[in-house]
Amino acid sequence: MRFSEKLGFKRPDDEAGASWVAILMGFFVAFGGVLYGYDTGTISGIMAMPYFKNLFSTGYRNPNGELDITATQESAIVSILSAGTFFGALASPLLADFLGRRPALMISTWVFNLGVVLQTIATAIPMFLAGRFFAGFGVGLISALIPLYQSETAPKWIRGAIVGAYQLAITIGLLLAAVVNNATAKRPDSGSYRIPIAVQFAWSLVLFVGMIFLPETPRFLVRSGRLEKARAALSRIRRLSPEHEALAAELGQIQANLEAESSVRKATYADCFRRPMLKRQFTGMALQALQQLTGINFIFYYGTRYFQNSGVSSGFTIGMITAGINVASTIPGLLAIDRWGRRPLLLLGAVGMCVSQLIVAVVGTVSTGQRPNGEIFVKCLAGQQAAVAFVCIFIAFFASTWGPLAWVVTGEIYPLATRAKALSMTTATNWLFNWAIAYSTPYLVNYGPGYANLQSKIFFVWFGACFLCIALVWFFIYETKGLSLEEVDELYAEVKVARKSTTWKPTPRLEAAGSTTSEESKDESGPKEASPHVMDQGVELQV
Ligand SMILES: OC[C@H]1O[C@](O)(CO)[C@@H](O)[C@@H]1O
């Protein structure tokens with residue numbers, strides 16, 4: 001029995017050539033998620049480092065009398081990265097379609113490196129902010145290009161796990177950030193924060209060097225009219241000679257797919273918000289917005305400082321524990337996605353997160369007090385420890401469900417006609433809310449004029465959002481486990497109530513009509529020669 005079969009994946013018998021090269025390629029580029037996770041994760045610890053606070057302070061002293069950065073500066077430093085990422089993600093199609101997926105990825109690593117250099121040499125906030133913006137822009141480009149590269153090269157039967165591996169890499173990046181921060185935090189010099197920043201260069205170098213050896217995607221090469229290069233790339237990926245008939249057949253499929261795509265008149269952005277697409281567009285954007293509003297990044301961006309303020313001895317240690325739980329819990333989630341299904345997992349995750357956040361909010365609030373100068377003190381250490389434990393439980397629920405599933409579900413609910421546009425908007429929604437949380441939480445949490453001083457009560461906000469997560473899944477998430485993209489279209493057309501989708505079975509129409517085999521119909525890259533649903537969708541959408 002193959003290793004992949006032991007893990008529950010089933011490779012179709014008729015798949016041509018080797019799949020391990022494509023799988024390795026997919027997993028290798030997933031490594032780019034480390035840049036994303038590390039870059040977003042490192043800042044929490046950096047802002048808590050005494051050397052950093054001293055160097056970048058513009059004279060403000062915190063309630064403990066230490067030189068510090070203000071909440072306004074803190075929010076600018078954290079959120080400018082997400083702003084850069086938002087624009088980077090939107091700009092990615094320009095590079096990817098013009099130069100190709102591979103050069104686009106390689107260039108992105110250098111945009112990122114520019115940001116790393118600026119942050120490392122900065123001694124004042126404006127240059128540090130510029131560095132964060134460029135690093136963010138690079139991460140935004142990479143965050144959109146990696147799933148694109150993966151989807152154009154991954155074998156269909158293991159694509160979910162490969163896309164999920166990208167989320168796993170994000171969590172590994174967050175963990176690496178916590179470990180490196182922890183290792184340097186006690187240094188008395190500028191190395192305390194400069195080393196964690198400069199280290200990112202290594203991750204981006206790994207991606208850059210790796211990309212030198214990986215091929216361009218055959219799909220992009222066909223699209224840009226370079227058939228012979230596409231044949232060569234495919235022959236490398238499938239381990240078949242360029243003359244092999246299976247290779248010619250696959251190239252033919254790619255061409256037929258592209259022709260089917262271009263025969264559907266391009267849908268506009270406005271079409272995504274009209275019936276029959278409106279429900280799916282809303283579902284995807286709400287899913288991504290709520291994934292952020294669960295409060296996950298409050299923990300990863302501000303966790304170290306928050307736990308320090310709450311009197312729990314080492315915020316850095318807790319940062320490592322939370323990041324470790326995040327990685328470990330993502331793995332069972334990936335293995336469960338194609339077995340349990342999307343709806344049960346998302347529902348379980350939403351209920352688990354909701355209960356944990358409520359407990360953290362109540363226990364965290366009653367076990368701390370605040371002095372008139374704004375300083376937080378611990379009234380009940382056991383209560384604080386319990387709150388930290390429930391933060392960990394919350395992370396485990398998030399990482400095994402909403403973390404990967406937000407990407408998996410948004411990747412599979414859109415029809416070919418609107419898919420690229422719909423997806424770019426849902427991804428941008430994730431970054432927009434990421435930014436909003438990074439920007440607003442210091443104002444909401446901290447003490448001082450103009451600040452809401454919510455402290456632990458902020459967890460009531462995340463609790464409210466997790467409650468909305470339950471409602472979203474119940475009323476809007478359709479079960480798409482094991483369905484091809486065409487069947488997902490059929491499902492949305494036939495089933496009006498989301499919870500009834502779990503008992504829906506696709507009609508065997510495609511097989512009966514002989515237009516495609518059952519394995520072909522599961523190809524997420526879209527229908528082949530007879531592409532009835534693409535055409536149906538084109539007519540249905542009036543595009
Ligand atoms: O694992 C946590 C990480 O996952 C994401 O939500 C992306 O899916 C990030 O915004 C967050 O930092």
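Biologist: Which helix is Q288 found in?
Modeller: Q288 is found in helix α15, residues 278-293, where helices are DSSP runs of H or I of at least four residues, strands are runs of E of at least two, and both are numbered from the N terminus. Before going on, note that this is a predicted model, in which local features need pLDDT of at least 70, side-chain atom pairs count only at pLDDT 80 or more, and totals for chains, interfaces and linings use all residues. Residues are numbered from 1 along each chain as its sequence is written, and side-chain values use heavy atoms, with hydrogens and water left out.

Biologist: Is Q288 buried or exposed?
Modeller: Q288 counts as buried, because its relative accessibility is 0%; buried means under 20% relative accessible area, exposed means over 50%, and partly exposed is in between, using a 1.4 Å probe and protein chains only.

Biologist: And what is Q288 in contact with?
Modeller: Leaving aside neighbours within four places in sequence, Q288 is in contact with A406, W407, T410, T426, T429 and N430, where contact means heavy atoms within 4.5 Å.

Biologist: Turning to the ligand, which residues come nearest?
Modeller: There are 13 residues around the ligand, and Q167, Q291, N297, N326 and W407 come nearest; a residue is counted as near if one of its heavy atoms lies within 4 Å of the molecule.

Biologist: How far is the side chain of N297 from an oxygen atom of the ligand?
Modeller: A polar side-chain atom of N297 lies 2.6 Å from a ligand oxygen atom. For Q291, an N or O atom of the side chain is 2.9 Å from an oxygen atom of the ligand, and for N326 the corresponding value is 2.9 Å. As for cover, the ligand on its own has 320 Å² of accessible area, and the protein covers 100% of this, with areas taken from the Shrake-Rupley method with a 1.4 Å probe and, for residues, only the protein chains shown counting as cover.

Biologist: Which helix gives the most to that shell?
Modeller: Helix α8 gives the most, with three residues, while α8 (159-184), α15, α16 (296-309) and α20 (402-410) each supply at least two.

Biologist: Changing topic, how many salt bridges are there?
Modeller: The count comes to seven salt bridges, each being a side-chain nitrogen of Lys or Arg within 4 Å of a carboxyl oxygen of Asp or Glu. One of them joins E250 and R238, at 2.8 Å from N to O. That pair links distant parts of the chain, with E250 in helix α13 (residues 245-263) and R238 in helix α12 (residues 227-238), 12 residues apart. E250 and R238 are both buried.

Biologist: What about R101?
Modeller: R101 forms a salt bridge with D97, with the closest N and O atoms 3.0 Å apart. R101 counts as buried at 4% relative accessibility, whereas D97 is partly exposed at 35%.

Biologist: And the protein as a whole, how many helices and strands?
Modeller: The secondary structure comes to 26 helices and two strands. The protein has 543 residues, of which 56% count as buried, and its accessible surface comes to about 21600 Å², with 66% belonging to carbon and sulfur atoms. Among contacts between residues at least 6 apart in sequence, 76% join residues at least 24 apart.

Note on methods. A polar contact is a pair of N or O atoms within 3.5 Å; within protein, one must be able to donate a hydrogen and the other to accept it, and residues adjacent in sequence count only if both atoms are side-chain atoms.
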